[in-house]
Each structure stands twice: as C-alpha cells, then as structure tokens.
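Biologist: I would like to learn how to read aromatic rings in a model. Could you take me through them?

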Amino acid sequence: MQIELTEAGGSGDEGYARPRVGNQGLLVEAAQMLAAAWHGTSLIARARLQEAMASSDFRNATFEVIDRETMERYQALPAAWTGYARRTLLRDFKVKQMVDLLGGLEGLARVPELTEYPERRISKAGWTIQVSKRGARFAFSWESWINDELAELESLPEALSIAARETESREAATLLTDGTGPNDLFFNATAIQGISSNLMTGNPALSLASLTTAMNTITSRRDPQGRPVVLPRLALVVPPALEISARTIVGASMIRTQEGAGAGQRELESTNWLNGMVDIVVEPWLPVIDTSANANTTWYLVPSPNSGRYALAVGFLRGHEDPQVRVKANQGQAIGGGALAPTEGSFEIDDIQYRVRHVLGSGYGDPIGTLVSNGSGA
C-alpha cells in the first residue's frame, strides 16, 4: 500500500487536497495499521485505528456528510408554493413592511398658461410579513447507534429535508385556507380596497366558463387611482382532485364556443387563449389543511409570484434561507487527549442528538388580482 500525505486545498474547495511533505516513517506505520485492520489480522491495529478515528482530524467528517445530504435532498424536493407565492428575504425577526406607493400615476391634467401645475400626493398601502424559528430535535442512545449500524444516520437527512420543505408548503397553503375553507383574513366581502369582494359570485365549479368569468372579473377591476388592473399571468391553484379538470381546461389546444341563437347559431373554434395567461399549480396540502366539505372543489386565482401585484409571500431570514442541521458536541475528551466524535455519546448519559432549524414566515400582498370559488354552486 502506498500513501501520500495531503493537506486541504483551501477555503471553498473542501473535498480536494494537494500533496505536502510528511514523515515517511509515519506513512509506513499508517499503511501497516490500515492493512492489518482491514484484513483483520491484528486486534491492536483495529484498536489503534479506532483511536485515530476519534481524533480531531475525523471529528466532524460524518456530520459534514449529513449536512450536505440534507441540503441536497432539501433542494431536490418539489415545492408547489413557489408557483403562487412570492419568495422574499427579511433582515431580522422584526415585522417587515411591504409598501405599495399609490398616487401620481393617473393621467396628466391640462395646465393653462401662467397657471401652477396641480400638486399630487402620495399615499401608502402596506402589508406585513414576519419570520420565526421552526425546528425539531432527534435524540437516541449510543447503544442504538451501535446496534443499528448507522440506520438512523442514513435516514436522517431525508427526514429533515422533508420536514423543512413541508413546513414551507404548509405555511404557504395556510395563506389560502384557514382550515374551514378560503382564509377569510384575505378572501372576504371587503378584501379589495375595503369595498369589493374577492369571493366569486355563486361559487361555480371549475370550468371553462367559470374560469373565463373569473378572469374577466379580475381584469375589469380598477386600482385605487382608477387605473386598469393589468396582470401578465395568473396562477390557478387547485387541490389534487381538480388537477385533471384544470389541465383539461387550460391545456386544451382548441376551444369551441357557440355564438348566436336559433337559426343563426354557429360554432366557433379558436386557439386556447388560456395557455398564455394561466399557470396551473396543484397544492397537495390544500385538502389536508382544509377540512371543509368543499376542500376538493375549491379553486383559487392569484397573480403570478413574479407579478408586481403579488398577493401571497413566504419570507426567509437573510443568510439563513436554508435549514441548518447541528449535532450536540458534549462528549468530553479522551484520557489520552484526543477529541471524541459526537457519535461516541454525550459525557453524561451517552446520548446523540441532532437539531434542525428553519426560519420562515408568510404574509399577504395586494388582493386586487385574486378570486376564489369553493365550487359548491351555492
């Protein structure tokens, strides 16, 4: 066996190494120890190797792998909420004001000769969002670690990744539903400027006709300055039970409609204009959180998250946007002076603990581009 001593390649390139000069005697001794331990010919070699693996050189290697796996799986998991809610960052735990400046955008008035230009005033409409800590802790015994041969370690990254993603998804879905139908904090009779409703009249079931009516309702609204509402795209958010219906309506290549009546009635065929205006988002958490009788028939229209008039937002703490995994390191120190790995168990009771922390929150934006129907027809 031939071994070459290496040193870390520097900041930012963990996992890579470059050669360095080392004590050849130590190299030979290490090679002999590894060979004896590998082939099982020396119990002393195994013990010495175990002692070496408990040194500070190896102390955090396992947990770096855990954290890396957790992040990789977290980033790979799908998150439906990004299709209907804006992702935003907050500097701290204080309430963040999301301000919309109003005024000064309506048409310009005529200015007679030698007359002052009319003054305009700016008003502010604001919404808020705040983040908070979320987390969980795993604790198990050193005996369990030994007996299960890293079974907990292998499943831990996936469990923590799923927990973090599902926390985000539930947070976003509760903006839509409060558990008894559409969230009446946002979807109510006076949601828009305190005078207009974003509840669809008659609560029609999802169909081409009802979706067309809903979009016409939104685009016919006016902002506080009397200007038209222009939304580049809308997100149609549905529970899994409505997915096929939604994709059939929006995904159809052609639309056939009837025009006229009696002998003058005729059928028109046109390209499906919904393709370029509506994105379908299937939120699997809707029927889980919403326990009402209409959970599987309720559908929501909200602006695209990239719209200037976004309606829903999920916030994260700047610099801590991703979940963080930690291990409790209170295992003490070996008599010989070597640092012990956290997997050797705590000093007091021989337990091993992991903790995950995720910081997030949610809030509302402008409701002017929103509409909801519970699909009951009532």
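Biologist: Which rings are linked into a cluster by ring pairs?

Modeller: A pair of aromatic rings is described by the distance of the centres and the angle of the planes. Rings of Phe, Tyr and Trp (its six-membered ring) pair if their centres lie within 6.5 Å; planes under 30 degrees apart are stacked, over 60 edge-to-face, and the rest tilted. Here the cluster consists of F186, F187, Y300 and Y364. This is a predicted model, in which local features need pLDDT of at least 70 and side-chain atom pairs pLDDT 80 or more, while totals for chains, interfaces and linings use all residues. Residues are numbered from 1 along each chain as its sequence is written, and side-chain values use heavy atoms, without hydrogens and water.

Biologist: How many aromatic pairs does the rule give?

Modeller: The count is six. One of them joins W81 and F316, tilted, with 6.1 Å centre to centre and 35 degrees between the planes. W81 is in the loop between α3 and β3 and F316 is in β12, so the pair ties together parts 235 residues apart in sequence. Helices (H or I, at least four residues) and strands (E, at least two) are DSSP runs, numbered from the N terminus.

Biologist: Are W81 and F316 buried or exposed?

Modeller: Buried means under 20% relative accessible area, exposed over 50%, and partly exposed in between, using a 1.4 Å probe and protein chains only. Both W81 and F316 are buried.

Biologist: Why is the pair of F140 and Y354 tilted?

Modeller: Its planes are at 50 degrees, with the ring centres 5.7 Å apart, so the pair counts as tilted. F140 in β6 and Y354 in β14 are 214 residues apart. F140 counts as buried at 14% relative accessibility, and Y354 does at 2%.
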